[in-house]
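Welcome, and please open your viewer. Let us walk through this structure one selection at a time.

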Amino acid sequence: MASTAHDVHSHDHHEHHHEESFVSKYIFSQDHKMIGKQFLITAVFMGLVAMLLSILFRIQLAWPGESSDFLNFFLGDQWAPEGVLKEDMYLGLVTIHGTIMVFFLLTGGLSGTFSNILIPLQLGARDMASGFLNMLSYWFFFLSSLIMFLSLFVMNGSIFGIDIPGDWGTTGNGPAMAGWTVYPPLSALPQAVSGSGFGMTLWLFSMTIFIAGSLIGSLNYIVTVLNLRTTGMTMTRMPLTIWAFFVTAILGVLSFPVLLSAALLLMMDRMAGTSFYLSDIMVGSEMLSNHGGSPILYQHLFWFLGHPEVYIVLLPALGLSSEIIATNARKPIFGYKAMIGSILAIGFLSFIVWGHHMFITGMNPFLGSVFVFTTLLIAIPSAVKVFNYITTLWKGSIVYTPAMLFAIALVSTFITGGVTGIILADSALDIAVHDTYFVVAHFHIVMGMSAVFGMFAGVYHWFPKMYGRMMNNRMGYVHFWITIVGAYGVFFPMHFVGIAGAPRRYYDYSVYGEFDTESFNMIMDLNVIITVFAIVAAVGQAIFLFNFFYSIYRGPAAPQNPWKSNTLEWTTPVEHIHGNWPGALPVVHRWPYDYSKPGAADDFIPQDVPLAEGETEH
Amino acid sequence: MESKLIIILIVVIGAIAISQLVRVYELTAKLRKHGEHEIPMRDNYLNAKLMLAFMVLQFGGFIYLMLKYGWTGRGPAASVQGESTDWLLNLNLVLVSAIFFFTNFLLFYFSYKYVKRPGVKAYYYPHNNKLEMLWTVVPAAVLAVIIILGLQTWNDVTGASPKDAISLELYSKQFDWTARYSGGDNTLGRTDYKLITGTNELGLMTAATIDSSIQAMRQGAGGILEIQKILNNRDTVLTDSLVNVLRKDLGTKERLLRLLNQMKATHNVALDKHVYDDIIQRDTLYLCVNKPYEISFRSKDVIHSAYFPHFRTQMNTVPGYGTRMKFTPNKTTAEMRTIKKLPTFHYVLMCNKICGGAHYKMKMMVVVLEEAEYNAWMKSKGNKTFKDTYFPAPAAPATTPAADTVKTAMN
């Protein structure tokens, strides 16, 4: 079936061979490689915004109440009069930082970029199943990014003094302020916090559009993987990257619609006076007549997406690192089938663990026990993956490209952040550390650092494929070492802040001075250290940005297969052409991990090389 | 102004730095004999060594932080349940730290040891089912132990309270906590948010509070009659938006009034006595050491979370939805001060769910007393029950006889 689909597609291609205009090539492009790059650049911009926001609130945490010109410069007199951050805006910064990092950088950016670039190239397809839908998925992502970014500038219910026509909740200052999970009633009641006015409306619009784009993209990825594999590319000969993107797309299709429904119900509570999430509420002295809804319903819906979302973020990173580690250790990935099994097991389990975010919402303790059990089961496939990575390195012949450094660091953060998950999954222990900095440390390491490292690894590794040029390795090394030391310096001490009992999302820990001076000193000391590391790590990203943008235009030309890799993307010409392969599509004869195979002349055998006489497949 | 200058200066210096970087970049590219895709041996060895160095740094940092701050940054657990949680937490932390050291060591050591060397070819080793079985079964066995121990503790700390547990309510709103002691009968009186008024801030339910709420809803300031009067006044011109706001407000209040009348009709006066002896307490929560507490939670506006870091317990408070927890404090404030060698130490109840701008200030001091001290304090509160404060002396005549109230409601 796969080959028939290909024939049809390639005919299409030849019929439509014509010069492309600037708009159809660079803006409304339907070419998967260009769309992938568009995702990447948009996500890099959003990532920088989110990083800047984190530096702003870290300054407040380290030096609470002290005047800072830096804060005043970025936030103006409205949000940082005299250079001191306002309480409300602190919550706004935290909220938008989280939202952008999770959805726009690590979902849109990571899976959007690499699924687009690699799925057709590694499968031997001319393009995605639907180029048009693929283009739509990017433009939905772009529009939602724009709206989320603009929501930072809401003031008196309008943006830059421009009133939005219509009755869309034209009150409120600042962006959404209810945390990235936007739990109602806080997010539903403009009276409760200033960000729950127009800022929250924009958040919901942005996320609705984002979800639509993500669904279109994911469906396209799934169809492409199932139908457009080239001759010989059976499911069990696919690189692990593709397996990861495939399962990620399935998770997205099954879970994002649930978030969409959660968001729509919240919109109705805010705009149409319904009571899905509201019951028996009095804000200040205003008594609401809403009755019968449950704020906990929202949490169930949110986390039904929210937990698979963790793996939507993580699996692509793990897929990329599998490929990079095998290539640069010059060894087959250890336990290929077990790796596929783990990806599938993680994907399945991620749907039945959401309740572990809600152990202390007052839900039935028995239900809690079920979630403890299912959650801890995820540790098994995760452990399998980690040991398989380690065994892949064992007796390898490791080449340290910047991509390889980031891939190995990803395994380290996956371990370090993963093990604390064992504590948080255990409801009896979660009671003591829930919503403290221990949780912040856990998910920033296991999900934030791992996924960002995976993304960096992917950019360094596939940059030659994306832009036909090479990035500078030395700069990559400096960037890597600053980033890993900086990021560990930020998130590792947070465990200790959390164990000391510090709640997250606190504007100022000086309150500790009133009841426990010992904890107060510890928290304040560590907060300064964390902020200093954060600033160093943030400044270090300038090296990456320079290396990235400069190399796009001036980097040395890339050879066809710079890392001596086996996968099909390196059989395409360096110059991008529409349809990927100038002649016939490659035919696949083997799995992608024949590195250092005994009896072969080279230490790699690309997938399109037929088996030698007497050679057995792995 | 000054800050703007500094920032402009930084931008200029940054631009210069970038142009220098460009020169370095281009010069090194020219000098180099190999392409960027070929990693020189020297760079490879350097990174391998840095991998090992990073491992030392990571482990060293962990050990340093452990020695300096330890796992008990907030002191020993101060409740019976907290002690079992801490025991389990310590066990888990030891286990988890062991895994952390072991796997990170393997990862970084292999990264260092198996760096590319001339003449050495990687070992083709695609899979080994026995090994893979090993690292499926061992984690599964360890997890089984963790799950069993965890669920035992979880059942203990979330199970029903003993019969003699003291009932107590904590009421949360932006941005403070209020406690309600259940008085001599150890039963908390009923409540409803529609009964909240300036004099009945927790919305306790008695025939009298229902009446006064109905009264306020109809005739009070901003009540239904007042709004109707404004809307029907033909001498003033109201803007459309104001009319809309007022109509919406009126609709809400009429709905609430209907519900209040329903409440009045079905109210069981016999339960009023549970309300009357309740004692409302702000600022500081006093608890008695070694007594089991059954705490129920309510929230007025948004979700808050009652977090007692020292008792190792936590529960969300959710509007429209009651939650509960239990714990038995087992160290008095005085004892804890001695243990922590901190004479100013206090137990505390904090809010641990984002609830608005002043979230971080929402807390209540907690004092755990010896039984004798506690009883003395309770006695001092004896004449400050809800009845005493809601109907200030001479109380008796002010209360409408309950039977009458019911009768009026029927009419």
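**A walk through the chains**

Start by selecting chain A: of its contacts between residues at least 6 apart in sequence, 78% join residues at least 24 apart. Two residues are in contact here if their C-beta atoms, placed from the backbone, lie within 7 Å. You are looking at a predicted model, where local features need pLDDT of at least 70 and side-chain atom pairs count only at pLDDT 80 or more, while totals for chains, interfaces and linings use all residues. Residues are numbered from 1 along each chain as its sequence is written, with chains lettered from A and ligands numbered from 1 in the order in which they are written.

Stay on chain A and show its C-alpha trace, which spans about 80 × 55 × 50 Å along its principal axes. Next, colour by burial: 63% of the 618 residues in chain A are buried (20 or more other C-beta atoms lie within 10 Å of the residue's own, with C-beta atoms placed from the backbone).

Now select domain 1 (1-9 + 32-228) and domain 2 (570-618) of chain A; these bounds come from an automatic or database domain assignment. How many residues does each domain bring to the contact? Domain 1 of chain A gives six residues and domain 2 of chain A gives seven residues. Taken over C-alpha atoms, the centres of domain 1 and domain 2 of chain A are 39 Å apart.

Finally, show chain B beside chain A: the contact takes 114 residues from chain A and 109 residues from chain B.

Notes
Buried ≥ 20, exposed ≤ 12 C-beta atoms within 10 Å, placed from the backbone.
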